[in-house]
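Dear colleague,

I am handing over a structure that you have not worked with before, and I would be glad if you kept it open while you read. My notes on what was found in it follow directly below.

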Amino acid sequence: MRHTISVLVNNEFGVLARIAGLFSGRGFNIESLCVAETIDPRISRMTIVTSGDDKILEQINKQLNKLIDVIKVHDFTGEEYIERELALIKVTATATNRAEILSIVDIFRAKVVDVSPRTYTIEITGDEEKISAITELLRPFGIKEIVRTGRIAMARSPKVK
Amino acid sequence: MKKTGAQIFVECLLKEGVDTIFGFPGGAVLPIYDELYNAPIRHILVRHEQGAVHMADGYARATGRPGVVVVTSGPGATNTVTGIATAYMDSVPVVVFTGQVPTPLIGNDAFQEADIVGITRPCTKHNYLIKDVRDLARKIKEAFYVATTGRPGPVLVDLPKDVLTDSVEFVYPETVRMESYQPTYRGHQGQIKKALNLILKAKRPVVYAGGGVLLSNASEELKKFVTKLNLPITTTLMGLGAFPGTHPLFMGMLGMHGTYCANMAVTNTDCLIAIGARFDDRVTGKVDEFAPYADIIHIDIDPTSISKTIKVDIPIVGDVRNVLRDMLKILPSVGGLREYKKSLKEWHRQIKEWASTHSLAYTQDMKGGIKPQFVIEKLYELTKGDAIVTTEVGQNQMWAAQYFKFDSPRTFLTSGGLGTMGFGFPAAIGAQIAFPKKTVIDIAGDGSIQMNIQEMATAVQYKLPVKVAIINNRFLGMVRQWQELFYNKRYSYSCLGVLPDFVKLAESYGGVGLRATKPDEVEPVIKKALEIKDRPVLMDFVVNPEEDVYPMVPAGQPINKMLLV
Ligand SMILES: Cc1ncc(C[n+]2csc(CCOP(=O)(O)OP(=O)(O)O)c2C)c(N)n1
């Protein structure tokens, strides 16, 4: 099963390598990883999407906690939380299909952030399904490039700092 | 007053109470060495940086105090890696200081640059690259704190040369507080009560104790706990000495080369009490069939050890000594202890029956070749067990574990987790430095001893009467044994064709060399060795080449399926 885990870490040199090394060294999976400073610049948050059975997740949780630079680990599984990804999609836009593309963008509440004679670049945020859905709809027009961030998440009730 | 990084380094060691360090100089650490020239700290000059780490490790295992190492950058640093990994696997507090190229050169492939923080990240408990002399004192304080608290382990501190020469006002932080590192020392009281209730309901309880008991200095508490309840006990390799080896409740070591009795008891127990042990594969054999009838209680300070390989029923995260003390506190109020002990009578009878198979029995034909087991038993007898024993890795290690009886904690030092050949001799030197008056013996193989034999010079230089007992079978014995049993006796590259003359080798370093080739020479050689007090002695016991270690559980088999002699 998939889990989204939030990890608060000391904003120290080499922390990312410690976390990545832990996952690779112990054969744990990383599907996506996002890192950024929190409000407190001494602390960073990593949002990790991983998968495994209960036993593996228990170990991931404990092993992360064991790292000296890890302050707090929180697994969102089983609770209400908001998750978002952002994608930039560059799609072929010709005179004949521009209107159709714009209506898809509109329906998904996405934005066109760059225009060239032959392309539109579309910015979309949402959960994974939403991004997959718009990608599928745009595919027939010819997608030139997609860049996606990893997932970030926040509990609906203020459980995590 | 302003001080240089190198001066601060020495001040910090003194504040930490360090009186001995193990090291080897080089360009990047010259500022430190210049300070050491007059410092009130004893520096042991080793012959190889791996030796330095094993010495610090042996010193730490024997004393419980952190061992300290200083080496230079690049090759000096990379040479420490095996030593660090060894300490890491066995949770030994060692602090390793490595030199580094000056900060502006880091990342430039400078001369003798190695990313030692990157290299050792997975085999240290934590490590630091100091980039600013202003951080130095605090990080050194942290390094010692992290190494020695919680589940102990090695910590590495990388010191760029410019950090050592820069100056700053020296303020020593008297305390450390790390928000992100707060080990749990007290066990959960509810869990502790639950565990006691479970034990008191058990008909066939067994205690399985590991190295964690030694690390938390809980041997006294363990003995009280075990004897109060009259519980049969086995220990892991790492736990030997945590409970008296000569005590009637002790069943011997368990696992791959454990006793028949210990393995049968664990297989049949209905309540396994794991204390400071981690269910290593050399202990469990086939995981699904390990202690199949038991409810398992597991006391350990490291939450990751709990339910890692085997699901436990009652986990207690905490320092072993604290948890045992809490249990002992509750015990008097429980009542019914006398009946409980009585109810274990049948179980003790069964255990006695298993023990009566004498799975470690062997016969020494006094007219034949020397048996390795005989050498170890003689060492035990002639030292009356009053010695610190280290081992190399292989058959020598297993025989030492089986035939020497360890009655006190921190007297058996062995590389259990990593299984590092070349550990025993430098570790013995470290232990001897900590306890100059004690008899310290490295039980060695002819293969392993050659992996750090250069430290003979160190032992001679510091007049250390370390004894090395080579069980010389002319083979990489343990490899040969597996090839004999599982690869149709195809001894592929396990015969050591060429060996040095160990007696002459010892003498060439300025030590003493002795040899026994017949059983009746064993005793006089040991006696002679024990009399030497001012230099190392190497005893070359030329033994039967194809002796095997038994009992043995083939890898991956359940531990009650043992090969016996
Ligand atoms: C550094 C290292 N290399 C290889 C091994 C694999 N190994 C385990 S036991 C053994 C044989 C050891 O031979 P020896 O020191 O002569 O001891 P014996 O088994 O004969 O007592 C080997 C090669 C190891 N444990 N450590």
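How many residues of chain B are in contact with chain A, and how many of chain A with chain B? Before the answer, please bear in mind that this is a predicted model. On the side of chain B there are 20 such residues, and they are in contact with 18 residues of chain A.

The area buried between chain B and chain A comes to about 1,600 Å², and carbon and sulfur atoms give 51% of it. Within chain B, the residues that lose the most area to chain A are Arg121(B), Ser180(B) and Thr304(B), which together make up 35% of what that side buries. Two salt bridges are counted between chain B and chain A; one of them joins Lys66(A) to Asp302(B), with the closest N and O atoms 2.7 Å apart.

Turning to chain B itself, the domain assignment divides the chain into domain 1 (2-169), domain 2 (189-357) and domain 3 (372-542). The centres of domain 2 of chain B and domain 3 of chain B, taken over C-alpha atoms, are separated by 31 Å, and 17 residues of domain 2 of chain B are in contact with 18 residues of domain 3 of chain B. Between these two domains of chain B an area of about 1,400 Å² is buried, with 62% given by carbon and sulfur atoms. Leu237(B), Leu240(B) and His257(B) supply 38% of the area that domain 2 of chain B buries against domain 3 of chain B, which is more than any other three residues.

By class, the side of domain 2 of chain B that touches domain 3 of chain B has nine nonpolar, six polar and two charged residues.

Finally, the ligand is surrounded by 17 residues, of which the closest are Gln395(B), Gly419(B), Gly447(B), Ser448(B) and Gly477(B). A polar side-chain atom of Ser448(B) lies 2.6 Å from an oxygen atom of the ligand, whereas for Gly477(B) a backbone N or O atom lies 2.7 Å from a ligand oxygen atom, and for Met478(B) a backbone N or O atom lies 2.9 Å from an oxygen atom of the ligand. On its own the ligand has 580 Å² of accessible area, and the protein covers 76% of that area.

With kind regards

Technical notes:
Residues numbered from 1 in each chain as written. Chains lettered and ligands numbered in written order. Predicted model: local features only at pLDDT ≥ 70, side-chain atom pairs only at ≥ 80, totals over all residues. Heavy atoms only, no water. Domains from an automatic or database assignment. Contact = heavy atoms within 4.5 Å. Buried area = accessible area lost by both parts, 1.4 Å probe. Nonpolar A, V, L, I, M, F, W, Y, C, P; charged D, E, K, R; others polar. Near = heavy atom within 4 Å. Polar contact = N/O pair within 3.5 Å; in protein donor to acceptor, adjacent residues only side chain to side chain. Areas by Shrake-Rupley, 256 points an atom, 1.4 Å probe, with all protein chains shown as cover. Salt bridge = Lys/Arg side-chain N within 4 Å of Asp/Glu carboxyl O.
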